[in-house]
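Here are my notes on the model you passed along, as numbered points.

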Amino acid sequence: MRLLITGGCGFIGTNFIRYQIANHPQTTVLNLDKLTYAGNLLNLADIEKEHGGTRYFFEKADIADATAVQSILKKFSPDAIINFAAESHVDRSISDPAPFVTTNVLGTQVLMQAARDAGIPRFVHISTDEVYGSLKADEPAFTEQNPLLPNSPYSASKAGADLMVRAFVETFGFPAIITRCSNNYGPYQFPEKLIPLMISKAWEEGNLPVYGDGLNIRDWIHVEDHCHGIDLALRTGKEGAIYNFGGNAERSNIDVVKAILKLTGKPESLITYVKDRPGHDKRYAMDYSLAQRELGYTPAHSFEQGLADTLKWYENNKEWLDNVKSGAYMEFMSRWYGER
Ligand code: NAD
Ligand code: TYD
């Protein structure tokens, strides 16, 4: 199978490319990535070294650039496109929503149009539980039938993309599948997101900034389980379907932060409650029974073991962590947390 993977230099894309190379020897991957602040070519340096030019190819391009995308599709002629490329951080979307609309909404439409014109037979669009909005403590988990009620510019842009995918399916018979997943954690996650940020701060013995009362709840899924789910959707999912994936691990932020402090052997006095994120969603939870029934999906990692393994990975890859804390990263982080 020939796969065009967009956003392959980001967190989940990197893990998905590694998953494909390791588990599907007949699969060839073209990674199309704009290399924004969140994209790191070094993530796949070993894959490039071993498989570059045979099973792995890279093109620096923007999914919103129709000419570039058309020419790449013509050259590579993929059997499927998996669209991970996105602006993905809620706090950045609060700071500046514009690139979220350009990449997440316009970019997805441009990519789908090019795929349609080229007759690509499969398109998997990677989305998020955040499109459903926020749950109260006693509400049932999101199903694929929940209305889209996004609250942040990030989730609104993802919902906009999902609706455009739906419109392409309904209007043009476009062969797309949407997957929606809860909060991922694991290797190669950029340290602006909760878990790697807190690991990094704990090691520095800096303040661990917890928004609001720390009681917001996320469902955590190990990135390998997400990659497995996407692979099942890609290879066996029904055209036009939407599949939820979850990790079966609802945890409050404060519990996650305390678990990280315990694993790193650092004191809870490092926890610093800061001003809440505006529009902060209270709780996400996923009902993934459709994916269980139709795809045979089930998450394999427990949160506690997955978190311990993730910490080990960051311990063994401290250089990676230092490397990605570039000028652009530091600039956003000091501005964002300076205002809190
Ligand atoms: P990420 O921010 O780590 O990586 C995004 C990647 O996309 C980067 O490599 C970046 O360079 C690339 N990119 C950005 N704009 C681009 C453009 N215009 N053209 C081409 N490439 C571009 O994100 P992630 O956490 O790996 O998330 C990947 C996808 O999964 C996103 O669509 C996100 O919405 C979705 N998702 C993420 C989570 C999560 O917990 N991280 C959960 C559910 C869904
Ligand atoms: P994040 O990793 O940004 O993912 P998302 O907002 O997409 O769920 O944040 C996860 C949770 O952690 C969210 O409730 C916000 C909270 N959070 C903090 O309390 N402090 C922080 O510094 C960050 C980045 C997040």
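**Notes on the two ligand sites and their surroundings**

1. Let me start with ligand 2: of the 20 residues around it, Glu130, Pro209, Arg277, His280 and Tyr337 come nearest. A residue is taken as near a molecule or strand if one of its heavy atoms lies within 4 Å of it. Please keep in mind that this is a predicted model, where local features need pLDDT of at least 70, side-chain atom pairs count only at pLDDT 80 or more, and totals for chains, interfaces and linings use all residues. Residues are numbered from 1 along each chain as its sequence is written, chains are lettered from A and ligands numbered from 1 in the order in which they are written, and side-chain values use heavy atoms, with hydrogens and water left out.

2. A polar side-chain atom of Glu130 lies 2.5 Å from an oxygen atom of ligand 2. From the backbone, a polar atom of Leu194 is 2.9 Å from an oxygen atom of the ligand, and a backbone N or O atom of Tyr211 lies 2.9 Å from an oxygen atom of ligand 2. Taken alone, ligand 2 exposes 510 Å², and the protein buries 97% of that; accessible areas come from the Shrake-Rupley method with a 1.4 Å probe, and for residues only the protein chains shown count as cover.

3. Which elements give two or more residues to the shell around ligand 2? They are α4 (90-95), α7 (194-204) and β8 (208-211). Helices (H or I, at least four residues) and strands (E, at least two) are DSSP runs, numbered from the N terminus. The shell divides into 9 nonpolar, 5 polar and 6 charged residues. In this count Ala, Val, Leu, Ile, Met, Phe, Trp, Tyr, Cys and Pro are nonpolar, Asp, Glu, Lys and Arg are charged, and the others, Gly among them, are polar.

4. Strand β8 deserves a look of its own. Leu208 and Val210 point one way from β8, Pro209 and Tyr211 point the other way, and all are buried. Buried means under 20% relative accessible area, exposed over 50%, and partly exposed in between (1.4 Å probe, protein chains only). β8 is joined by 4 bridges to strand β12 (residues 271-274), and the two run parallel; strands pair if DSSP finds at least two bridges between them. Tyr211 stands opposite Val274 in β12.

5. Now to ligand 1. It is surrounded by 28 residues, and the closest are Ile12, Asp33, Ser88, Tyr154 and Lys158. A backbone N or O atom of Ile12 lies 2.8 Å from an oxygen atom of ligand 1, and a backbone N or O atom of Lys34 lies 3.1 Å from a nitrogen atom of ligand 1. A polar side-chain atom of Tyr154 lies 2.7 Å from an oxygen atom of ligand 1. Taken alone, ligand 1 exposes 840 Å², of which the protein buries 97%.

6. Two or more residues of the shell around ligand 1 come from each of α1 (11-23), β5 (123-128), α6 (153-172) and β7 (183-185). β5 gives the most, with 3 residues. By residue type, the shell around ligand 1 holds 13 nonpolar, 11 polar and 4 charged residues.

7. β4 and β5 pair in the parallel sense over 3 bridges, with His125 in β5 as the bridge partner of Asn83. Strand β1 (residues 2-6) and β4 pair in the parallel sense over 4 bridges, and Leu3 stands opposite Ala80 in β4. Both faces of strand β4 (residues 80-83) are covered: Ala80 and Ile82 on one side and Ile81 and Asn83 on the other are all buried.

8. One side-chain pair is worth checking in your viewer. His226 has its place in helix α8 (residues 223-236) and is buried, with a relative accessible area of 1%. The side chain of His226 makes a polar contact (a pair of N or O atoms within 3.5 Å; within protein, one must be able to donate a hydrogen and the other to accept it, and residues adjacent in sequence count only if both atoms are side-chain atoms) with the side chain of Asn184, at 2.8 Å.
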